[in-house]
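Please look through the sequence and the model below before reading on. The report that follows takes up a few parts of the structure in turn.

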Amino acid sequence: MAQFFGVLGDANRWRILSALAVQDLRVSELADLVGMSDSAVSHQLRVLKGQHLVRYRREGRYRVYTLKDHHILTLYREVSEHLDEDL
């Protein structure tokens, strides 16, 4: 569990998950949205995929990334809501 949450502790990975919580995206689209290079986004996606947070499907020659399942979307929403609370 510590390794899982450690992966979520990276700001770049969190921005990628935030984008994927809205819509499925290709690497180049993610790179544009988060302000990173395609290769940096690809690296972060490998890390996220390794923790079963994202998956991809082939569309022609492209890989389109999405959140792995509804549990990840729920986790993302719950953490975001928690962070937005007035403490």
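## A side-chain contact in the predicted model

Which side chain does a polar contact join to that of Thr66? In this model, which is predicted, the side chain of Thr66 is joined to the side chain of Asp24 by a polar contact of 2.8 Å. Thr66 itself belongs to strand β3, and Thr66 counts as buried because its relative accessibility is 14%, where the cut-off for buried is under 20%.

When neighbours within four places in sequence are left aside, the residues in contact with Thr66 are Leu20, Asp24, Leu53, Val54 and Arg55.

Strand β3 takes part in an open sheet of three strands, which are arranged in the order β1-β3-β2 with antiparallel pairing. The edge strands, each of which pairs on one side only, are β1 (25-26) and β2 (54-59). Between β2 and β3 (residues 62-67) the antiparallel pairing runs over six bridges, and Arg57 stands opposite Val64 in β3.

Helix α2 packs on this sheet and touches β1, β2 and β3, with a direction that makes about 90 degrees with that of β3. The strands β2 and β3 also form a hairpin with two residues between them, and in the turn Gly60 has a positive phi of about 65 degrees.

## Two helices that cross

Two packed helices are described by the angle between their axes and the distance between the axes. For helix α2 (residues 11-22) and helix α3 (residues 27-34), the axes come within 10 Å and cross at roughly 115 degrees, and the crossing in which α2 passes α3 is right-handed.

On the α2 side the residues that meet α3 are Arg15, Ile16, Ala19 and Leu20, while on the α3 side they are Leu30, Leu33 and Val34. The residues of this contact of α2 with α3 divide into six nonpolar, no polar and one charged.

Is Gln44 buried or exposed? Gln44, which lies in helix α4 (residues 38-50), counts as buried because its relative accessibility is 10%. Leaving aside neighbours within four places in sequence, Gln44 is in contact with Asp10, Arg13, Ile16 and Met36. Among these, Ile16 is also one of the α2 residues that meet α3.

Key
Residues are numbered from 1 along each chain as its sequence is written. This is a predicted model: local features need pLDDT of at least 70, side-chain atom pairs count only at pLDDT 80 or more; totals for chains, interfaces and linings use all residues. Side-chain values use heavy atoms; hydrogens and water are left out. Helices (H or I, at least four residues) and strands (E, at least two) are DSSP runs, numbered from the N terminus. Buried means under 20% relative accessible area, exposed over 50%, partly exposed in between (1.4 Å probe, protein chains only). Contact means heavy atoms within 4.5 Å. Axes are lines fitted to C-alpha atoms, for helices over the stretch in contact, and angles run from 0 to 180 degrees between N-to-C directions. A crossing is left-handed if the near helix is turned anticlockwise from the far one by less than a right angle, and right-handed if clockwise. Ala, Val, Leu, Ile, Met, Phe, Trp, Tyr, Cys and Pro count as nonpolar, Asp, Glu, Lys and Arg as charged, and the others, Gly among them, as polar. Two strands pair if DSSP finds at least two bridges between them. A polar contact is a pair of N or O atoms within 3.5 Å; within protein, one must be able to donate a hydrogen and the other to accept it, and residues adjacent in sequence count only if both atoms are side-chain atoms.
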